[in-house]
Amino acid sequence: MTALFTRTVFILSLFFAAIFSAQTGSLNINVFDDFSKKPLTATVTVTSSKQEFSGEGNVLLPDLPAGNYSFQISAEGYQNGSLNDISVVPNQNLTFSIGLQKTTTSEQEIETVVITARVYKTTAESPVSLRNITSEEVQKNAGSNRDISKAILSLPGVGSTATFRNDLFIRGGSSAENKFYIDGIEVPVINHFQTQGASGGPRGLITIDFIKDVDFYSGAFPAKRNGTLSSLFEFNLKQARKDKIGYKAVIGLDDMQLMADGPLSKDQSWTGLFSVRKSNLQLLFKAIGLPFLPSYYDSTFKVSKKFKNGNELYFIGLGALDEFKFNENAKATLNNQTLIERLPVSPQWNYTIGAGYRHLAENGNWLFTWSRNMLDNKATKYYRNIETPANLLTRYHSQESENKIRVDRNFRLGDFQLSAGTNVNFARYFNDSDLRIITQSGPVIDNYLSDLNLTQYGFYLQGSRKLLDNKLELSGGLRIDGSDYSKLTSNPLEQFSPRISARYRFAERFALNLNGGIYHMLPSYTALGFIQNGNLINQNTLKYIRNEQIVGGIEFNGKNNLRITAETYYKKYKNYPFSLRNGISLANVGGDFGVVGAEPLDSRGVGETYGVEILAQKRTLNDFYGIASYTFGHSRFSDINGSLKPSSWDSRHIVSLTGGKYFSRNWNIGARFRMQTGLPETPYDIARSQLVNVWNIANAPVSNYALLNSQRGNVVHQLDIRAEKKWIFSKWQMTFYVDVVNAYGSKSPSRLPVIALERGADGNGIIANPGAPQNDQVYQLNYGENDGSTPLPYFGFIFEF
């Protein structure tokens with residue numbers, strides 16, 4: 001018995017030794033000049049242990065115990081940089097990169113007195129309104145469920161419309177004013193079931209595991225990016241492993257995903273990132289009794305070639321297929337009944353593919369990119385969902401496709417850093433639709449076939465320089481844009497867009513920042529391509545939307561990774577598309593499923609937004625991280641009389657508190673609390689809504705735009721909670737996570753009543769005055785309250801090999 005016990009203990013000891021003895025991984029950190037992209041000789045310091053590693057261009061950090069790390073990176077003649085929340089995975093060699101900003105001699109002398117690392121990113125052209133978010137920060141953000149669009153709700157100036165959607169309105173602008181780039185290639189669609197003509201949708205399609213970090217601009221947009229009015233997202237993809245192919249699998253309640261990355265050639269110069277994902281969201285929605293069951297598939301890849309001279313060639317692609325059906329067993333609430341009767345069946349598919357080539361020149365670099373994207377959007381709706389020809393209300397089918405070419409050049413000229421470039425976009429918009437809709441003036445039938453081809457073009461120049469012993473940094477830029485759509489858009493000088501920025505470091509840890517600029521955006525293809533009686537009726541009325549902005553702020557960078565900023569902004573809009581049918585600015589729409597802009601429009605719309613934002617942020621130190629933000633803002637756009645009225649995004653107060661902590665045994669627990677004052681709402685026109693010939697088309701009450709946004713919804717607040725636990729083995733690790741969105745189920749954001757038909761035994765609506773003339777007959781209506789927002793629980797496992 002003793003011998004058996006001894007052998008058992010010995011075998012178990014060997015087993016656990018095999019599991020836990022080799023829980024180490026390694027890192028490669030590529031260090032380069034942030035402007036020229038040329039490699040640098042650098043030293044990397046592990047913040048927790050003060051270990052130092054050095055290398056030329058690439059710094060290898062071998063045999064690091066698995067866990068989370070932060071690093072400080074230094075190079076002679078450059079400002080120190082930092083990498084935070086880097087996860088070391090056992091038996092994996094991961095690669096990260098960081099660009100350092102060059103200093104001058106006098107600045108280096110200052111740094112010998114106080115050496116600080118740049119934990120938070122700023123640039124000469126964007127000293128304000130720029131936040132950098134790492135992949136790890138997104139993944140541990142409570143309530144985001146690994147979705148970047150939900151993670152940025154922790155930041156100031158960012159509002160939303162509903163718990164389950166990614167409709168972001170930034171500083172009072174609509175969701176149509178946001179732009180997205182991945183490694184320098186524009187990606188117009190980043191959400192599943194995206195609202196055409198805007199940018200929101202219920203679920204993001206970008207694989208956060210492939211993202212190194214994201215530069216999120218809410219203002220002070222760099223001149224190289226066109227068509228940006230409210231926000232700019234620059235997604236920077238991570239570098240693939242170089243030692244061998246690694247795998248990562250996510251099995252969650254909402255989706256399943258498989259990822260792979262690693263070398264594709266023996267010399268490791270070719271590498272690749274690959275991902276496929278399948279939705280389980282329809283199972284979750286069915287389980288909690290929601291009336292619609294969306295499902296989706298998506299895929300992402302990047303293949304890159306690194307040449308010995310430092311040049312790089314890369315290819316990226318992402319695409320999605322979205323499907324939709326109704327839940328016949330949904331909870332029998334009045335709210336669910338109205339959604340089933342109102343929502344169309346709306347499948348979509350989209351893709352973006354592109355290629356880039358970066359060439360390192362003597363004093364800078366060139367970047368050449370080409371891309372193609374396409375969106376296919378359909379919607380079908382029958383009266384009471386009875387699929388007969390007589391009941392057809394909506395048959396919508398449109399496609400948007402673009403081919404884009406960009407050339408960017410960075411170079412130094414004396415003490416100036418300069419950037420210049422040009423872009424050309426060849427676009428096609430196709431729409432073949434038959435629609436019956438209700439407008440402010442009555443029912444309308446749209447039957448049209450649109451096939452529009454147009455070209456857009458632009459040029460930019462931006463430069464910066466440091467003055468006053470490097471305490472003052474100035475940047476100026478300009479860009480011009482044009483399109484062959486019409487005489488109103490063809491002259492690029494009409495879209496002249498200058499901008500200027502200044503940053504003044506008046507104390508060791510304090511800086512004053514300022515930016516002002518003019519920005520332009522071409523209206524959506526749905527608006528440009530709308531046809532009536534065979535004519536592009538908006539061609540002689542639509543102009544580029546014009547936005548003038550000024551932003552100022554003060555910044556404090558304290559010890560222990562603490563940053564506090566306060567900013568104030570003012571934005572003035574002109575030439576905003578204005579609906580001639582409903583008498584409202586399109587700045588008020590885009591926060592729901594459907595299509596924005598497919599109607600007669602002109603450019604009479606004007607508006608303004610202004611406010612104050614405060615942010616206190618602490619990146620991970622001593623196992624704690626947190627963000628606190630507050631926004632006070634106004635957003636107003638013109639009505640039919642030209643008067644400025646609160647817009648649909650006029651949320652006066654937004655408070656967000658986010659925090660978390662790493663505990664022993666690889667636990668991480670976080671929470672986020674958000675509160676947002678009620679958004680303006682337009683009341684229903686009950687008398688018109690209950691008309692039989694109106695309800696049978698709209699299947700819902702219609703708005704009274706004469707009282708545009710004259711009342712407000714409920715104050716919205718919600719608590720999100722996330723917990724995860726890692727198990728680390730010798731050659732792999734496993735993570736279990738739970739993410740509960742809206743944990744206590746807050747009330748609906750809307751105060752508008754839920755209205756449906758009173759129905760007879762045959763299921764048809766009851767007509768209150770059957771003896772009246774047909775055009776005067778009205779339905780009896782049933783009134784109720786909105787359902788409260790449903791808590792959405794997500795959980796799953798992540799396996800990394």
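**Exercise 1. Describe the hairpin formed by strand 25 and strand 26, and find the residue in its turn that has a positive phi.**

Step 1. Two residues lie between strand 25 and strand 26 in this hairpin, and the turn residue with a positive phi, of about 65°, is glycine 414. Strands here are DSSP runs (E, at least two residues) and helices likewise (H or I, at least four), numbered from the N terminus. The model is predicted: local features need pLDDT of at least 70 and side-chain atom pairs pLDDT 80 or more, while totals for chains, interfaces and linings use all residues. Residues are numbered from 1 along each chain as its sequence is written, and side-chain values use heavy atoms, with hydrogens and water left out.

Step 2. The pairing of strand 25 with strand 26 is antiparallel and runs over 18 bridges; two strands pair if DSSP finds at least two bridges between them.

**Exercise 2. Locate the salt bridge between aspartate 415 and arginine 465, and classify each partner as buried, partly exposed or exposed.**

Step 1. The side chains of aspartate 415 and arginine 465 meet at 3.3 Å, N to O. A salt bridge requires a side-chain nitrogen of Lys or Arg within 4 Å of a carboxyl oxygen of Asp or Glu.

Step 2. Aspartate 415 is in the loop between strand 25 (392–413) and strand 26 (416–439), and arginine 465 is in strand 27 (residues 442–467), so the pair links distant parts of the chain, 50 residues apart.

Step 3. Aspartate 415 has a relative accessible area of 56% and is exposed; arginine 465, at 30%, is partly exposed. The classes are buried under 20%, exposed over 50% and partly exposed in between (1.4 Å probe, protein chains only).

**Exercise 3. How many salt bridges does a search of the whole structure find, and which classes do the partners in two further bridges fall into?**

Step 1. The search finds 39 salt bridges.

Step 2. Lysine 302 and aspartate 183 form one of them, at 2.8 Å, N to O. Lysine 302 belongs to strand 21 (residues 292–306), while aspartate 183 is in the loop between strand 12 (178–182) and strand 13 (185–186), 119 residues apart.

Step 3. Lysine 302 is buried at 8% relative accessibility, and aspartate 183 is buried at 16%.

Step 4. Aspartate 481 and arginine 479 also meet in a salt bridge, at 2.8 Å, N to O. Aspartate 481 is buried at 6%, as is arginine 479 at 2%.

Step 5. Arg203, Asp254, Asp255, Arg277 and Asp298 are linked in a network of salt bridges.

**Exercise 4. Give the strand order of the open sheet of 5 strands, and name its edge strands.**

Step 1. The order is 9-16-17-12-13, with mixed pairing.

Step 2. Strand 9 (130–134) and strand 13 are the edge strands, each pairing on one side only.

Step 3. Strand 12 and strand 17 pair in the parallel sense over 5 bridges. Lysine 179 stands opposite leucine 232 in strand 17.

**Exercise 5. Count the aromatic pairs, then classify the pair of phenylalanine 736 and phenylalanine 797 as stacked, tilted or edge-to-face.**

Step 1. Rings of Phe, Tyr and Trp (its six-membered ring) pair if their centres lie within 6.5 Å; planes under 30 degrees apart are stacked, over 60 edge-to-face and the rest tilted. The count comes to 23 aromatic pairs.

Step 2. For phenylalanine 736 and phenylalanine 797 the ring centres are 5.0 Å apart and the planes stand at 50°, so the pair is tilted.

Step 3. Phenylalanine 736 lies in strand 43 (residues 733–741) and phenylalanine 797 in strand 46 (residues 792–800), so the pair ties together parts 61 residues apart in sequence.

Step 4. Phenylalanine 736 is partly exposed at 27%, and phenylalanine 797 is partly exposed at 33%.

Step 5. Phe180, Phe216, Phe233 and Phe235 form one aromatic cluster.
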